[in-house]
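Here is a brief report on one protein model. Look at the fold first, then read on.

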Amino acid sequence: MTKKMLSIVVPCYNEQDTINPYITRMMDIEKLLPNLTFEYWFVNDGSKDNTLEVLKKETASSSKYNYLSFSRNFGKESALYAGLEHARGDYITVMDVDLQDPPELLPKMVELIEQGEHDCIGTRRVTRAGEPKIRSFFAKQFYKIINKISDVEIVDGARDYRLMSRQMVDAILELKEYNRFSKGIFSWVGFDTHYLEFENIERVEGETSWSFWDLLQYSIDGIISFSEFPLKLSTILGFMSFIASIIALIFIVIRALIFGDPTSGWPSLVCIILALGGLQLLCLGVVGQYLGKTFLETKRRPIYIIKDQKISPLEED
(Lines give C-alpha, C1' and ligand atoms only; values in the text may rest on other atoms or scores of the structure.)
Protein backbone atom coordinates (compact mmCIF):
# COMPACT_ATOMS: atom_id res chain seq x y z
CA MET A 1 0.00 0.00 0.00
CA THR A 2 1.39 3.39 -1.04
CA LYS A 3 1.86 5.79 1.82
CA LYS A 4 0.32 9.22 1.64
CA MET A 5 2.71 12.14 1.50
CA LEU A 6 2.79 15.14 3.81
CA SER A 7 4.36 18.27 2.34
CA ILE A 8 5.62 20.87 4.82
CA VAL A 9 6.08 24.45 3.61
CA VAL A 10 8.56 26.43 5.73
CA PRO A 11 9.11 30.13 4.89
CA CYS A 12 12.52 31.43 6.03
CA TYR A 13 13.76 34.99 6.34
CA ASN A 14 17.00 35.54 8.27
CA GLU A 15 16.55 32.22 10.10
CA GLN A 16 20.08 30.80 10.06
CA ASP A 17 19.91 29.89 13.77
CA THR A 18 16.50 28.19 13.75
CA ILE A 19 16.75 25.79 10.80
CA ASN A 20 18.80 23.11 12.55
CA PRO A 21 16.65 23.05 15.75
CA TYR A 22 13.55 22.87 13.55
CA ILE A 23 14.81 19.89 11.54
CA THR A 24 15.90 18.11 14.73
CA ARG A 25 12.46 18.60 16.30
CA MET A 26 10.68 17.43 13.16
CA MET A 27 12.72 14.21 13.05
CA ASP A 28 11.09 13.25 16.35
CA ILE A 29 7.64 14.13 14.98
CA GLU A 30 8.20 11.97 11.89
CA LYS A 31 8.62 8.93 14.14
CA LEU A 32 5.09 9.51 15.45
CA LEU A 33 3.68 9.38 11.91
CA PRO A 34 5.11 6.19 10.37
CA ASN A 35 2.23 5.88 7.91
CA LEU A 36 3.21 9.06 6.06
CA THR A 37 6.15 10.02 3.88
CA PHE A 38 7.50 13.54 4.32
CA GLU A 39 8.80 16.24 2.02
CA TYR A 40 9.94 19.69 3.12
CA TRP A 41 9.91 22.91 1.13
CA PHE A 42 12.11 25.54 2.72
CA VAL A 43 11.59 28.92 1.02
CA ASN A 44 14.42 31.39 1.51
CA ASP A 45 12.76 34.79 1.11
CA GLY A 46 15.84 36.82 0.19
CA SER A 47 17.52 36.46 3.59
CA LYS A 48 20.44 38.77 4.36
CA ASP A 49 22.21 36.35 6.70
CA ASN A 50 23.52 32.82 6.05
CA THR A 51 20.10 31.20 5.78
CA LEU A 52 20.74 29.93 2.24
CA GLU A 53 24.11 28.41 3.15
CA VAL A 54 22.55 26.66 6.14
CA LEU A 55 19.71 25.36 3.96
CA LYS A 56 22.15 23.97 1.40
CA LYS A 57 24.06 22.16 4.13
CA GLU A 58 21.04 20.81 5.99
CA THR A 59 19.06 19.74 2.91
CA ALA A 60 21.95 17.86 1.33
CA SER A 61 21.49 14.93 3.71
CA SER A 62 18.17 13.70 2.32
CA SER A 63 16.01 13.86 -0.80
CA LYS A 64 12.98 14.74 1.32
CA TYR A 65 14.45 18.21 1.89
CA ASN A 66 13.94 20.79 -0.85
CA TYR A 67 14.56 24.51 -0.93
CA LEU A 68 13.64 27.50 -3.06
CA SER A 69 15.67 30.69 -2.81
CA PHE A 70 14.23 34.00 -4.07
CA SER A 71 16.25 36.62 -5.94
CA ARG A 72 15.23 39.15 -3.27
CA ASN A 73 12.81 39.56 -0.38
CA PHE A 74 9.29 39.20 -1.80
CA GLY A 75 7.52 38.80 1.55
CA LYS A 76 6.07 35.90 3.49
CA GLU A 77 2.93 35.77 1.37
CA SER A 78 4.99 35.09 -1.74
CA ALA A 79 7.02 32.48 0.13
CA LEU A 80 3.82 30.70 1.19
CA TYR A 81 2.50 30.70 -2.35
CA ALA A 82 5.78 29.37 -3.77
CA GLY A 83 5.85 26.55 -1.24
CA LEU A 84 2.23 25.59 -1.85
CA GLU A 85 2.78 25.71 -5.61
CA HIS A 86 5.69 23.25 -5.41
CA ALA A 87 4.25 20.96 -2.71
CA ARG A 88 3.35 17.53 -4.07
CA GLY A 89 1.80 15.85 -1.04
CA ASP A 90 -1.69 14.54 -0.33
CA TYR A 91 -1.67 16.78 2.73
CA ILE A 92 0.10 20.12 2.95
CA THR A 93 0.97 22.09 6.05
CA VAL A 94 2.52 25.51 6.57
CA MET A 95 4.86 26.00 9.54
CA ASP A 96 7.12 28.74 10.86
CA VAL A 97 10.72 27.61 11.22
CA ASP A 98 11.13 29.42 14.56
CA LEU A 99 9.04 26.69 16.29
CA GLN A 100 6.37 29.13 17.44
CA ASP A 101 4.08 26.73 15.57
CA PRO A 102 4.32 23.66 17.86
CA PRO A 103 5.21 20.58 15.76
CA GLU A 104 3.73 18.42 18.53
CA LEU A 105 0.26 19.33 17.24
CA LEU A 106 0.95 17.73 13.87
CA PRO A 107 0.04 14.10 14.79
CA LYS A 108 -3.32 15.28 16.15
CA MET A 109 -3.89 17.37 13.02
CA VAL A 110 -3.18 14.36 10.80
CA GLU A 111 -5.49 12.18 12.89
CA LEU A 112 -8.35 14.66 12.54
CA ILE A 113 -7.98 15.27 8.81
CA GLU A 114 -7.76 11.54 8.06
CA GLN A 115 -11.18 11.08 9.66
CA GLY A 116 -12.55 12.76 6.55
CA GLU A 117 -14.81 15.22 8.35
CA HIS A 118 -12.60 18.27 7.74
CA ASP A 119 -10.66 19.66 4.80
CA CYS A 120 -8.36 21.73 6.98
CA ILE A 121 -7.09 21.55 10.53
CA GLY A 122 -6.01 25.03 11.60
CA THR A 123 -4.42 26.33 14.78
CA ARG A 124 -5.08 29.41 16.86
CA ARG A 125 -3.34 31.02 19.81
CA VAL A 126 -5.53 31.51 22.86
CA THR A 127 -2.94 33.60 24.68
CA ARG A 128 -0.36 36.20 23.63
CA ALA A 129 1.98 35.83 26.58
CA GLY A 130 5.37 37.39 25.91
CA GLU A 131 4.05 39.67 23.19
CA PRO A 132 4.08 43.48 23.64
CA LYS A 133 0.74 44.62 25.04
CA ILE A 134 0.25 47.29 22.39
CA ARG A 135 0.72 44.69 19.65
CA SER A 136 -1.76 42.34 21.33
CA PHE A 137 -4.30 45.16 21.68
CA PHE A 138 -4.12 46.19 18.04
CA ALA A 139 -4.19 42.56 16.90
CA LYS A 140 -7.46 41.98 18.75
CA GLN A 141 -8.91 45.18 17.31
CA PHE A 142 -7.91 44.11 13.81
CA TYR A 143 -9.81 40.83 14.08
CA LYS A 144 -12.87 42.64 15.45
CA ILE A 145 -12.83 45.22 12.66
CA ILE A 146 -12.22 42.91 9.72
CA ASN A 147 -14.88 40.43 10.86
CA LYS A 148 -17.43 43.26 11.02
CA ILE A 149 -16.67 44.82 7.64
CA SER A 150 -15.76 41.74 5.60
CA ASP A 151 -17.78 38.78 4.36
CA VAL A 152 -14.82 36.54 5.18
CA GLU A 153 -14.52 35.37 8.79
CA ILE A 154 -11.00 35.32 10.17
CA VAL A 155 -10.68 33.56 13.52
CA ASP A 156 -9.00 35.63 16.24
CA GLY A 157 -5.52 34.28 16.87
CA ALA A 158 -5.57 32.03 13.79
CA ARG A 159 -2.11 31.07 12.56
CA ASP A 160 -0.93 30.22 9.06
CA TYR A 161 0.04 26.89 10.63
CA ARG A 162 -2.59 24.49 9.29
CA LEU A 163 -2.91 21.09 7.64
CA MET A 164 -4.83 21.17 4.36
CA SER A 165 -6.12 18.63 1.91
CA ARG A 166 -4.82 18.54 -1.64
CA GLN A 167 -8.19 19.79 -2.91
CA MET A 168 -8.09 22.86 -0.67
CA VAL A 169 -4.53 23.74 -1.69
CA ASP A 170 -5.41 23.41 -5.37
CA ALA A 171 -8.27 25.87 -4.77
CA ILE A 172 -5.90 28.31 -3.05
CA LEU A 173 -3.49 28.13 -5.98
CA GLU A 174 -6.30 29.18 -8.31
CA LEU A 175 -6.14 32.61 -6.64
CA LYS A 176 -3.14 34.11 -8.38
CA GLU A 177 -3.55 37.68 -7.16
CA TYR A 178 -0.35 39.67 -6.60
CA ASN A 179 -1.57 41.32 -3.37
CA ARG A 180 -2.00 38.31 -1.13
CA PHE A 181 -3.41 38.01 2.39
CA SER A 182 -3.27 34.31 3.20
CA LYS A 183 -5.43 34.38 6.32
CA GLY A 184 -8.24 35.83 4.24
CA ILE A 185 -7.57 33.52 1.29
CA PHE A 186 -7.69 30.43 3.51
CA SER A 187 -11.15 31.51 4.68
CA TRP A 188 -12.38 32.76 1.30
CA VAL A 189 -11.91 29.44 -0.52
CA GLY A 190 -14.23 27.82 2.01
CA PHE A 191 -13.86 24.13 2.94
CA ASP A 192 -14.55 22.79 6.40
CA THR A 193 -11.95 23.95 8.94
CA HIS A 194 -11.46 22.78 12.51
CA TYR A 195 -9.17 24.71 14.87
CA LEU A 196 -6.84 23.38 17.55
CA GLU A 197 -5.95 25.81 20.32
CA PHE A 198 -2.56 26.34 21.93
CA GLU A 199 -0.85 28.88 24.14
CA ASN A 200 1.69 31.30 22.73
CA ILE A 201 5.24 29.96 22.36
CA GLU A 202 8.38 32.06 22.23
CA ARG A 203 10.82 31.80 19.33
CA VAL A 204 13.49 29.14 19.77
CA GLU A 205 16.24 31.50 18.54
CA GLY A 206 16.69 35.04 17.27
CA GLU A 207 14.17 37.86 17.00
CA THR A 208 11.10 38.29 14.84
CA SER A 209 11.50 40.26 11.61
CA TRP A 210 7.96 41.64 11.99
CA SER A 211 7.91 45.12 13.46
CA PHE A 212 4.77 46.85 14.72
CA TRP A 213 4.58 48.94 11.54
CA ASP A 214 5.01 45.86 9.35
CA LEU A 215 2.07 44.24 11.11
CA LEU A 216 0.04 47.45 10.82
CA GLN A 217 0.66 47.60 7.07
CA TYR A 218 -0.15 43.89 6.82
CA SER A 219 -3.49 44.45 8.57
CA ILE A 220 -4.31 47.38 6.26
CA ASP A 221 -3.52 45.18 3.25
CA GLY A 222 -5.84 42.53 4.67
CA ILE A 223 -8.71 44.97 5.10
CA ILE A 224 -8.26 46.39 1.60
CA SER A 225 -8.01 42.90 0.07
CA PHE A 226 -11.19 41.57 1.66
CA SER A 227 -13.47 44.54 2.26
CA GLU A 228 -14.90 47.46 0.30
CA PHE A 229 -16.06 49.12 3.51
CA PRO A 230 -13.32 51.82 3.53
CA LEU A 231 -14.57 52.98 0.12
CA LYS A 232 -18.14 53.01 1.37
CA LEU A 233 -17.02 54.89 4.47
CA SER A 234 -15.40 57.55 2.29
CA THR A 235 -18.70 57.98 0.45
CA ILE A 236 -20.62 58.21 3.71
CA LEU A 237 -18.22 60.79 5.16
CA GLY A 238 -18.42 62.85 1.98
CA PHE A 239 -22.24 62.76 2.05
CA MET A 240 -22.34 63.70 5.73
CA SER A 241 -19.97 66.63 5.08
CA PHE A 242 -22.22 67.80 2.24
CA ILE A 243 -25.33 67.63 4.45
CA ALA A 244 -23.50 69.46 7.25
CA SER A 245 -22.47 72.22 4.83
CA ILE A 246 -26.09 72.65 3.65
CA ILE A 247 -27.31 72.89 7.24
CA ALA A 248 -24.55 75.40 8.06
CA LEU A 249 -25.44 77.46 4.97
CA ILE A 250 -29.12 77.58 5.97
CA PHE A 251 -28.13 78.60 9.51
CA ILE A 252 -25.89 81.41 8.21
CA VAL A 253 -28.60 82.74 5.87
CA ILE A 254 -31.26 82.73 8.61
CA ARG A 255 -28.89 84.36 11.10
CA ALA A 256 -28.02 87.07 8.57
CA LEU A 257 -31.70 87.79 7.90
CA ILE A 258 -32.55 88.08 11.59
CA PHE A 259 -29.42 89.52 13.19
CA GLY A 260 -27.61 91.08 10.26
CA ASP A 261 -24.24 89.97 8.90
CA PRO A 262 -21.54 90.57 11.49
CA THR A 263 -17.95 89.96 10.47
CA SER A 264 -16.96 86.43 11.47
CA GLY A 265 -13.56 85.58 12.90
CA TRP A 266 -11.01 83.88 10.69
CA PRO A 267 -9.92 81.15 13.22
CA SER A 268 -13.22 79.26 12.89
CA LEU A 269 -13.03 79.53 9.09
CA VAL A 270 -9.50 78.17 9.05
CA CYS A 271 -10.51 75.25 11.29
CA ILE A 272 -13.39 74.37 8.96
CA ILE A 273 -11.15 74.53 5.89
CA LEU A 274 -8.53 72.33 7.56
CA ALA A 275 -11.17 69.84 8.72
CA LEU A 276 -12.75 69.50 5.29
CA GLY A 277 -9.34 69.44 3.58
CA GLY A 278 -8.17 66.69 5.89
CA LEU A 279 -11.37 64.71 5.26
CA GLN A 280 -10.88 65.01 1.51
CA LEU A 281 -7.26 63.87 1.73
CA LEU A 282 -8.32 60.93 3.92
CA CYS A 283 -10.89 59.82 1.38
CA LEU A 284 -8.43 60.31 -1.47
CA GLY A 285 -5.90 58.22 0.44
CA VAL A 286 -8.39 55.37 0.85
CA VAL A 287 -9.26 55.48 -2.84
CA GLY A 288 -5.54 55.66 -3.65
CA GLN A 289 -4.87 52.46 -1.69
CA TYR A 290 -7.42 50.55 -3.73
CA LEU A 291 -6.23 52.15 -6.97
CA GLY A 292 -2.61 51.28 -6.14
CA LYS A 293 -3.51 47.63 -5.49
CA THR A 294 -5.41 47.52 -8.78
CA PHE A 295 -2.43 49.07 -10.57
CA LEU A 296 -0.11 46.36 -9.24
CA GLU A 297 -2.54 43.63 -10.26
CA THR A 298 -2.77 44.93 -13.84
CA LYS A 299 1.03 44.79 -14.21
CA ARG A 300 0.82 40.98 -13.97
CA ARG A 301 4.23 40.78 -12.32
CA PRO A 302 5.30 37.35 -11.01
CA ILE A 303 4.56 36.72 -7.36
CA TYR A 304 8.15 35.59 -6.82
CA ILE A 305 11.40 34.95 -8.72
CA ILE A 306 13.59 31.95 -7.90
CA LYS A 307 17.36 32.39 -8.05
CA ASP A 308 18.48 29.03 -6.62
CA GLN A 309 16.72 25.80 -5.77
CA LYS A 310 17.00 22.14 -4.88
CA ILE A 311 14.06 19.99 -6.00
CA SER A 312 14.42 16.27 -5.37
CA PRO A 313 12.53 13.79 -7.57
CA LEU A 314 9.73 11.88 -5.92
CA GLU A 315 10.75 8.48 -4.62
CA GLU A 316 8.49 5.49 -5.20
CA ASP A 317 7.66 3.34 -2.19
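The sections below cover the sheet, a helix on the sheet, the cores and the aromatic pairs.

## Basis

This is a predicted model, with local features needing pLDDT of at least 70 and side-chain atom pairs pLDDT 80 or more, while totals for chains, interfaces and linings use all residues. Numbering starts from 1 along each chain as its sequence is written, and side-chain values use heavy atoms, without hydrogens and water.

## The sheet

Eight strands form an open, mixed sheet, ordered β7-β5-β6-β4-β1-β2-β3-β8. The edges are β7 (193–198) and β8 (306–310); each has a single partner strand, so one side of each lacks a neighbour in the sheet. Neighbouring strands are turned by 20° against each other on average, direction ignored. Strands are DSSP runs of E, at least two residues, and helices are runs of H or I, at least four, numbered from the N terminus. Strands pair if DSSP finds at least two bridges between them.

β2 (residues 36–44) and β3 (residues 65–70) run parallel, joined by five bridges. Val43 stands opposite Leu68 in β3.

## Helix α4

α4 lies across β1, β2, β4, β5, β6 and β7, at about 45° to β6. Axes are lines fitted to C-alpha atoms, for helices over the stretch in contact; angles run from 0 to 180 degrees between N-to-C directions.

α4 spans residues 106–114, and its buried residues are Leu106, Pro107, Met109, Val110, Leu112 and Ile113. Buried means under 20% relative accessible area (1.4 Å probe, protein chains only). Gly116 follows α4, with a positive phi near 85°.

## Nonpolar cores

The largest nonpolar core has 34 residues; Ile8, Tyr22, Phe42 and Leu106 have the most contacts inside it. Another core lies apart, with 26 residues, among them Tyr81 and Val189. Such a core is a set of buried Ala, Val, Leu, Ile, Met, Phe, Trp, Tyr and Cys residues joined through side-chain atoms within 4.5 Å.

Beyond its neighbours within four places in sequence, Leu106 is in contact with residues including Leu6, Ile8 and Tyr161. Contact means heavy atoms within 4.5 Å.

## Aromatic pairs

The structure holds eight aromatic pairs. Tyr22 and Phe42 are edge-to-face, 6.1 Å centre to centre, with 90° between the planes. Tyr22 lies in α1 and Phe42 in β2, so this pair ties together parts 20 residues apart in sequence. Phe42 and Tyr65 form a tilted pair, at 6.4 Å and 50°. Rings of Phe, Tyr and Trp (its six-membered ring) pair if their centres lie within 6.5 Å; planes under 30 degrees apart are stacked, over 60 edge-to-face, the rest tilted.

Conventions. Buried < 20%, exposed > 50% of the residue type's maximum accessible area, 1.4 Å probe, protein only.
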